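Dear colleague,

Please find the structure below, handed over for your records and further reading.

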Amino acid sequence: MTEEVMTTDAEELSDADELSDAELAALAAELCAAVLARPRPFGPPWAHPPLAAGPADQIDSIGNPYWRVVRNLPTQIWDDSAGPTTMWLHADAGIRDRVRAAGLDRDGLSRRYSWSIPSPGDIAWIAATAGERGVVEIGAGGGYWAWLMRAAGIDTLAYDPFAASELNGYAKRAYTAVEPGDDSVAALHGDRALFLCWPNNNDAWAARALTAYRGDLLIYAGQEAGGCTADDRFFEVLESGWEQAGASADHVTYVGVPCRLTAWRR
């Protein structure tokens, strides 16, 4: 259900479900320009220019609508990190209303696309890391990463026990075929690289998938031990028999939300 929001300008707000991907990216650019044009009257600026057209921008050659939104968001500096932000903390109330109505907050974007941002460089890195073997993704949600990997020519299988829908708290849209299946199916695909993206916090399924997997290459998008992805057992299994073999240098995450895309071998 979309929250009803009152405007102060008698301006109609866009409904998140009515905006196309292109319209959402354009709105992100419009609102980013608006906040940059009206800096806060005191203290250091909270908003900085977006990634778009800057040195950290990446060329999207396969059609990645999430990236096209993210690259147009304002960036923010938080402690020692910097990145795109969906907090809009010091923006005018009218802008924050439009952000919320359009689904440009982190929860809205994550449910629409993915809980970890796949940059164009990330998909190219996965292709190079997996090599000739295919990929099997467990807990694929709406299949956003799987959709991009398939578009890039990576032979990808995707499984999730719960179909994407408006009632699904993690994935509301389906992007590609995701077969019904839980963590146990990882045991059937040892010939492929295992891909796990942002496993549910304090949930045992990621550890079960990694334990069941018979292959030798894990690609993991998420936080480190003690963060908000997977559970302690997952990191115990990872540390006991796996060694990190690489990381995507092009991975982008929201400021204040640590996330890395790493490869592990055994």
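**Salt bridges, helix surroundings and backbone features**

Glu236 has a relative accessible area of 44% and is therefore partly exposed. Please note at the outset that the model is a predicted one. The side chain of Glu236 meets that of Arg233 in a salt bridge, with an N to O distance of 3.4 Å. Both residues belong to helix α8, where they are three residues apart, about one turn of the helix. Arg233 is likewise partly exposed, its relative accessible area being 48%.

In total, the structure contains twelve salt bridges. One of them joins Asp21 to Arg112, with 2.9 Å between the closest N and O atoms. This pair connects distant parts of the chain, since Asp21 is in helix α1 and Arg112 is in helix α4 (residues 106-112), 91 residues apart.

Asp92 is partly exposed, with a relative accessible area of 33%, while Arg38 counts as exposed at 60%.

Helix α3 spans residues 93-102, and its buried residues are Ile95, Asp97, Arg98, Val99, Ala101 and Ala102. Helix α1 (21-37) is included in what covers these buried residues. After α3 comes Gly103, which has a positive phi, near 80°.

The loop between β2 (81-84) and α3 also holds Leu89. Together with Trp78 and Met87, Leu89 makes a nonpolar surface patch of about 270 Å². Leu89 itself is partly exposed, with a relative accessibility of 46%. That value meets the requirement for patch residues, which is over 30% relative accessible area.

**Positive phi at two alanines**

Two alanines deserve a look at the backbone. Ala53 has a positive phi of about 65°, although it is not a glycine. Ala53 is located in the loop between α1 and α2 (65-70), and its relative accessible area of 76% makes it exposed. Ala230, also not a glycine, has a positive phi of about 60°. Ala230 is found in the loop between β6 (217-222) and α8 (232-241). Is Ala230 buried or exposed? With 2% relative accessibility, Ala230 counts as buried.

Gly121 is placed in helix α5 (residues 120-130). Its relative accessible area is 12%, so Gly121 is buried, the cut-off for that class being under 20%. Leaving aside residues up to four places away in sequence, Gly121 touches Gln58, Ser248 and Asp250.

With kind regards

Notes:
Residues numbered from 1 in each chain as written. Predicted model: local features only at pLDDT ≥ 70, side-chain atom pairs only at ≥ 80, totals over all residues. Heavy atoms only, no water. Buried < 20%, exposed > 50% of the residue type's maximum accessible area, 1.4 Å probe, protein only. Helix = DSSP H or I, 4+ residues; strand = E, 2+ residues; numbered from the N terminus. Contact = heavy atoms within 4.5 Å. Patch = residues over 30% accessible without salt bridge, like charges linked within 9 Å, V, L, I, M, F, W, Y side chains within 5 Å. Areas by Shrake-Rupley, 256 points an atom, 1.4 Å probe, with all protein chains shown as cover. Salt bridge = Lys/Arg side-chain N within 4 Å of Asp/Glu carboxyl O.
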